[in-house]
Amino acid sequence: MDQKSSKNNSEVENEYSVIIKNLSVTYRTEPALWNIDLNFPKGKMIAIVGPNGAGKSTLVKAVMGLVPITAGKVSIFGKPYSKNRDKVAYVPQRGSVDWDFPTDALDVVEMGLYGKLGWFRRPNSKTRDLARECLDKVGLSNYADRQIGQLSGGQQQRVFLARALAQDAQIYLMDEPLNGVDVITEKTILSILENLKKEGKTIVMVHHELQTVDKYFDWVVMVNRNLIANGPIKEVFTKINLDRTYQEKQRISIQ
Amino acid sequence: MEISSDLIIIGTAILVAANCASIGVFLVLRKMAMMSDAISHSVLLGIVIAVFAVGGREPVAVIVGGVLSGILTISLVELLYRSGKLKQDSSIGIIFPFLFAIGVILVTQAGNVHIDVQHVLYGSIEFAPFDTLYLDELDIGSKSIWVLGILAISNVSFIVILYKELKISTFDKSLALGAGLMPLLVHYLLMIMVATTAVVAFESVGAILVIAFFIVPASAAFLLTDRLSRMLVLSVFLGIISAVIGYLFALFADVSISGSMASITGIIFGLIWVFGPNRGLISRWRQVSKQRFEINLGILLTHIQKELGSDRQVSTSTLSNSLGWTKEYSEKLSEFIQEQKFVEKNTQGNFILTDIGLKKVENYSN
């Protein structure tokens, strides 16, 4: 599946699904991410942590080209994102869509399949069945025809996960899916992600709660505009790195 | 002649309504309703320039001019609010009066061209029957019906063919982008359809009615349904109903046709807003007061259970003191819990929970 240009590259590509090189993103004149070099390994649960405004969401969005990249390169299985869109599923923050939109839970999940359908082709009984299956996986089959605004926050988040499952991707990029959700939702999401991980998929999650990082994840990316640390939890999730990540802002203000 | 001119006017109005109300659904859902306001005014500039350029009201030139000025409006508005601090509503408020005003200046300079500002705002649907289209000098019927009919076919095809693409890009732009369904392209195609619809409809019914038909039926439909497909159908239906009732009212009261149609869209919206099922004002108020009642019932029963066996036992008269409710409300609830057999009165006239009441309290504490 992978394009092997040289031995060295192919080795890296066998191990990592996303390779980020020299990535910088600037909003107007504010640098949001500065010269990030980072690879996401396959078959791992990866947490992105950092203080507010550290560029966590931006990092995830930059991988998908949802924000303009000022410099650097992102490759997904050795190709630019535009050539490998179907390998990536994105779960945005819940607030990014209008939940009053006239649609139901099943329909939102089915939208995850629109990319595979491509232009002009209509959803059909096959996509409907697949969407139903995914909704079932997140425990919401009884809510299929519920207008999405009438679901609880946790249920909405699970609908988003079901939509990502429908995309049947290799890489799952998620922006704080556990933020403010109920216990059932958190358990459901984690157990589904655990299974995806076992299938060798890459799961990248912007995560807020530091206490649960070592419990839920194998790998951590610590970011505060710059990349502070990146690696297996046991090696890099240390007090020193945490201090460096969360004190960065202070350091800037002292300067 | 009398009947057929009535039919032409009503047919024109129905087609305008259907065209605007269908496309309007996406404007409302994209929170771009005011963009239709901007476009339907600023098309004047394009129309006037087109009329100057070809020396007459050549329909194709007029449409092209109008669409171009519509796109100019959208681009300038987006340029403004993407470039700095200004919000979209302010950007719209800056751009369209400016373009419209230039149009107005040009119109007043155009002594030899038959456009006037009155016509621009209120249209001249009354004259639709007298404006016929000729094909090789053969009279093939009302121009407005032909033009609007072709527009209706294009709008319906646009929505049917790109239904999925329109839906996904309206609901979640990032998902559409990830799916390779180019939300920006879809956005501009939609805006071209809005501009075309605005120009063509504007010719017959004027700027104000165009805005009413773009925004009001779609908003009313939004209050009535939870499905996009139904919202589209309902919006068109409400638009058409407003057009027909508005026309009949105008005939009956001998008032402006477009004015009365626009008023009817507003009245129908108002009725749905107040009386609509589920999301109507009254039904929402009922739901809320029903929930409040349930909650207060729970508070009361829990309160009775808590005080049971203490020396502060509960009766109707203690409620306004202990729970802060009015005397009337305390009496009303006390009566209700006795009727429902949640409580009985003991010999001192204090409430004690029955088995049914105890079960009810358990439900609340879960």
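Student: Which residue's side chain meets that of D107(A) in a salt bridge?

Tutor: A salt bridge is a side-chain nitrogen of Lys or Arg within 4 Å of a carboxyl oxygen of Asp or Glu. Here the partner of D107(A) is K167(B), at 2.7 Å from N to O. D107(A) lies in helix α3 (residues 105-111) of chain A and K167(B) in helix α7 of chain B, so the pair joins two chains. Both D107(A) and K167(B) are buried, that is, under 20% relative accessible area, where exposed is over 50% and partly exposed in between (1.4 Å probe, protein chains only). A network of salt bridges links D107(A), E110(A), R128(A) and K167(B).

Student: On what basis are these values given?

Tutor: The model is predicted: local features need pLDDT of at least 70, side-chain atom pairs count only at pLDDT 80 or more, and totals for chains, interfaces and linings use all residues. Residues are numbered from 1 along each chain as its sequence is written, chains are lettered from A and ligands numbered from 1 in the order in which they are written, and side-chain values use heavy atoms, leaving out hydrogens and water.

Student: Which residues touch the most other members of the largest nonpolar core?

Tutor: In soluble globular proteins, nonpolar side chains tend to be buried together. A nonpolar core is a set of buried Ala, Val, Leu, Ile, Met, Phe, Trp, Tyr and Cys residues joined through side-chain atoms within 4.5 Å. The largest one has 134 residues, and those touching the most other members include L135(A), L193(A) and F214(B).

Definitions and conventions: Helices (H or I, at least four residues) and strands (E, at least two) are DSSP runs, numbered from the N terminus.
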